[in-house]
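How many salt bridges does this model hold, and where do they sit?

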Amino acid sequence: MLVMIHYGFGQKKLPKFGHYTDEEMAFKDASFDPGADIVCLFEQCEVQYNLNGAQPMLETYVRKRFKVLKTAGVESANIKLTYYSKNGFENIGGVEGYVYNTGEDGKVVTAKMKNNETYRKKVED
């Protein structure tokens, strides 16, 4: 039996979900895109194949973090997920989000996304 494992260590460890770093809060402009309205700080995707009884399932977990640098970037921070919903073939669940702002006193104000801040829109049959 031959088992091969490959690990890559090219990136920093990501902060836990729901937490931020001081470096992220202090970030004001992207040297690679000066004057940008928004930057993607990271995007992580994990795919798992689960045998759930007789029905195999492919589960995809996506985690994204953006830094809005200007008011014009707020709309771009909205996440749009496209999926095939006919006959319940695919489904989206477990959507969570946080927004961090610096208050007038310099302290970070955290707001957790509410369930009513997500919606589904059918685009075609």
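The count comes to two salt bridges, each a side-chain nitrogen of Lys or Arg within 4 Å of a carboxyl oxygen of Asp or Glu. The model is predicted: local features need pLDDT of at least 70, side-chain atom pairs count only at pLDDT 80 or more, and totals for chains, interfaces and linings use all residues. Residues are numbered from 1 along each chain as its sequence is written, and side-chain values use heavy atoms, with hydrogens and water left out.

| Salt bridge | N to O distance |
|---|---|
| E24 and R65 | 2.7 Å |
| E43 and K64 | 3.6 Å |

Take E24 and R65, whose side chains meet in a salt bridge. This pair links distant parts of the chain: E24 is in helix α1 (residues 22-26), R65 is in strand β2 (residues 55-68), and 41 residues separate them. Helices (H or I, at least four residues) and strands (E, at least two) are DSSP runs, numbered from the N terminus. Both E24 and R65 are buried. Burial here means under 20% relative accessible area, exposed means over 50%, and partly exposed lies in between (1.4 Å probe, protein chains only). E24 counts as buried because its relative accessibility is 13%.

Leaving aside neighbours within four places in sequence, E24 is in contact (heavy atoms within 4.5 Å) with P15, L41, F42, R65 and K67.

Now the other pair. The side chains of E43 and K64 meet in a salt bridge. E43 lies in strand β1 and K64 in strand β2, so the pair ties together parts 21 residues apart in sequence. E43 is exposed at 54%. K64 is partly exposed at 34%.

Next, the cysteines. The structure holds zero disulfides (cysteine sulfur atoms within 2.5 Å). C40 is partly exposed, at 40% relative accessibility. C45 is exposed, at 51%.

Last, the nonpolar surface. V47, Y49, L51 and L58 make a nonpolar patch of about 480 Å². Strand β1 (residues 38-52) gives the largest share, three residues. Y49 is placed in strand β1 and counts as exposed because its relative accessibility is 55%. Patch residues have over 30% relative accessible area and no salt bridge; like charges are joined within 9 Å, nonpolar side chains (Val, Leu, Ile, Met, Phe, Trp, Tyr) within 5 Å. Areas come from the Shrake-Rupley method with a 1.4 Å probe; for residues, only the protein chains shown count as cover.
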